[in-house]
2 protein chains.
Amino acid sequence: MKLAIVFGAESYEHEISIVSAIALKKVIFCELIYIFCDKNRDFYLVSSDKITSKRFSSGEYLSDVKLTLKQGGFYFKKLFKENRVEFDAIINIIHGADGEDGKIAALFDFFNIPYIGPGIEASVISYNKFFTKLYAKALGVKTLDYEVVNKNNKNISMPLPIIIKPLRLGSSIGVSVVKEESELEYALDVAFEFDDEVLIEPFVENVIEYNIAGCKIGGNIRYSIIEEPQKELFLDFNKKYLDFSRTNKVYEARVTEMLHGEIRKNFKLIYEPLFEGAIIRCDFFVIKNKVYLNEINPNPGSLANYLFEEFSALVQDLALSLPKRRKIPVTYKYISSIQSAKGKA
Amino acid sequence: MKLAIVFGAESYEHEISIVSAIALKKVIFCELIYIFCDKNRDFYLVSSDKITSKRFSSGEYLSDVKLTLKQGGFYFKKLFKENRVEFDAIINIIHGADGEDGKIAALFDFFNIPYIGPGIEASVISYNKFFTKLYAKALGVKTLDYEVVNKNNKNISMPLPIIIKPLRLGSSIGVSVVKEESELEYALDVAFEFDDEVLIEPFVENVIEYNIAGCKIGGNIRYSIIEEPQKELFLDFNKKYLDFSRTNKVYEARVTEMLHGEIRKNFKLIYEPLFEGAIIRCDFFVIKNKVYLNEINPNPGSLANYLFEEFSALVQDLALSLPKRRKIPVTYKYISSIQSAKGKA
């Protein structure tokens, strides 16, 4: 099997996507090729032995093979001929904008390229935290209370302490905890730098968080272990950056059988059928024994490989059971019938 | 001003998109060029004097100029040089799949091409009728009750009569009214031909429908008149097909001042800020003096031109006030700082 890892793109998380992509090399044991999407959204085929972060930050990748995205795949020119880059499926490991907002999924769907990653709908619902709230609620998955404010209406009715997040970013960028009134204005300014809309949630001190990942293969969800991640208030970007290079296995969290079941049940509710084709990680809070969805990561850092026992096999199995797309026939039946009616008149 | 009308694509509504595109020629009075997306999703530049439905159904368009979509626009080869097709903005008049499901919006966003039409989020929320319900409810816009069923779970608890719709299509395709138990199975089979998920709503006899269109220009919504469309049960595809070629102005519906205000208020709630950049038409039901959202059409047939007094000016004004995109800087700040930390170590 040959998988193509697509990473980079125009995203605040461009750099952690590079880190994620490099990490995958250590944990997927089949033929891998790398397709870098640079900040101008040009694509380059980078040989897997040249995959170092410096290649991208220095611009050395510009001497790699430039690709064009067209029907059926990525193409490059060689001796006046156009060649297609051959692979079985793509792994979308672009984090944040472009990769998780539906753009790259739409490109791959439009050009008929099979990929591991969230589809357009899944991307939009998980990328926009307001939509995530609506979706979770409709499925009966609890979330924290919330308010959405924008630049024209910054009225917040929720009592402090609160947590402020740009509505559409991941990786803790632009996120602040506000415990005192005096911190509010600055925190809002920071968040509004990244989005025109901002999500407000209550900040729950010492909340216990559990992460679980999984994907659907052959009709069944394959769950990862459940992790209780490190207890920092929340990860800032520097820490998250390192977090995205994780490849060491972690220990399963000690949870009761009932809580274990509850966490899996909530994961499954979120996953099906919206996220089919993707390996996602859901981050849950547990408050007074109740499970709350905090966040859906449809392209988690290094694909949350460290949570799975047999990650390499999982990825390859998933590549073989991606959702089939529905081919829509275009027959010109109506135009033809109108034309023949005109002909008879 | 020069506008490029993009139409066709892989969609059950490919043919009515052609009809819509042709209709626009009669109602937009600036330079127009036509970009046809064929059923294989190849793009062709078709001169506006060749725009007849037969050109597309017969395959004659294959002799037109083939285009490639890349950063900044559509390109064609001429004398070994690559030339960009010049225009000020695109009008996306692809109906249904590809055009209203977020794919074409994502392509234009990714390749930095300005367009009139719904963005990715707006497309996903309006194309999926379940998401439309969640969105409307969250904004305080009433909708009819609903259930979503799929092939594995066809249990419907709602009493007859009901209306059955594929979750993700427009233009009445696959839609049935079920008044008797005996009609149910066939109606579900029809709907499941088009989608794996199906929306069930109560069927309200003799409901009054009002349509209104509009778009936001310079901070204000410009509303169309309100139309009470013809009273057919619901339009089947043949009638809808003809409906998409409408260019004759219609009469304003006679509604009370209060209802007029209510309809505009609900339109505005739906429109802002999700649909900025698009001319949308909302179809409302009025039941016992209360306004219910029936459907959002983010690319309505022939852009609902017949509802506007000054449609040509409206389109051109909108083209000049499209939402600005946020350019995300990629600086390699973190990779550089880690590299310099390593260098010092």
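Colleague: So two strands count as paired when DSSP finds at least two bridges between them. With that in hand, what is the bridge partner of Asn211(B) in β16(B)?

Modeller: Asp283(B) is the partner of Asn211(B). Keep in mind that this is a predicted model.

Colleague: How many bridges join β14 of chain B to β16 of chain B, and do they run parallel or antiparallel?

Modeller: Seven bridges join them. Strand β14 covers residues 208–217 and β16 covers residues 280–287, and the two run antiparallel.

Colleague: What is the strand order in the open sheet of chain B?

Modeller: The order is β9-β17-β16-β14-β15, five strands with mixed pairing.

Colleague: Which strands are at the edges?

Modeller: β9 (142–143) and β15 (220–227) of chain B, each of which pairs on one side only.

Colleague: New topic. How many residues of chain A are in contact with chain B?

Modeller: On chain A there are 38, in contact with 38 residues of chain B. Several helices of chain A each supply at least two residues of that side, among them α1 (14–25), α5 (129–139) and α10 (333–344).

Colleague: Which helix gives the largest share?

Modeller: α3(A), with five residues.

Colleague: And by class, what is that side of chain A made of?

Modeller: It has 17 nonpolar, 11 polar and 10 charged residues.

Colleague: What rotation superposes chain A on chain B?

Modeller: A rotation of 180 degrees, with 0.0 Å of shift along its axis and an RMSD of 0.0 Å. The two chains are therefore related by a two-fold axis. Both copies use the same surface, as 100% of the contact residues of chain A recur in chain B.

Notes: Residues are numbered from 1 along each chain as its sequence is written. Chains are lettered from A and ligands numbered from 1 in the order in which they are written. This is a predicted model: local features need pLDDT of at least 70, side-chain atom pairs count only at pLDDT 80 or more; totals for chains, interfaces and linings use all residues. Two residues are in contact if their C-beta atoms, placed from the backbone, lie within 7 Å. Helices (H or I, at least four residues) and strands (E, at least two) are DSSP runs, numbered from the N terminus. Ala, Val, Leu, Ile, Met, Phe, Trp, Tyr, Cys and Pro count as nonpolar, Asp, Glu, Lys and Arg as charged, and the others, Gly among them, as polar. Copies are superposed by least squares on the C-alpha atoms of residues with pLDDT of at least 70 in both.
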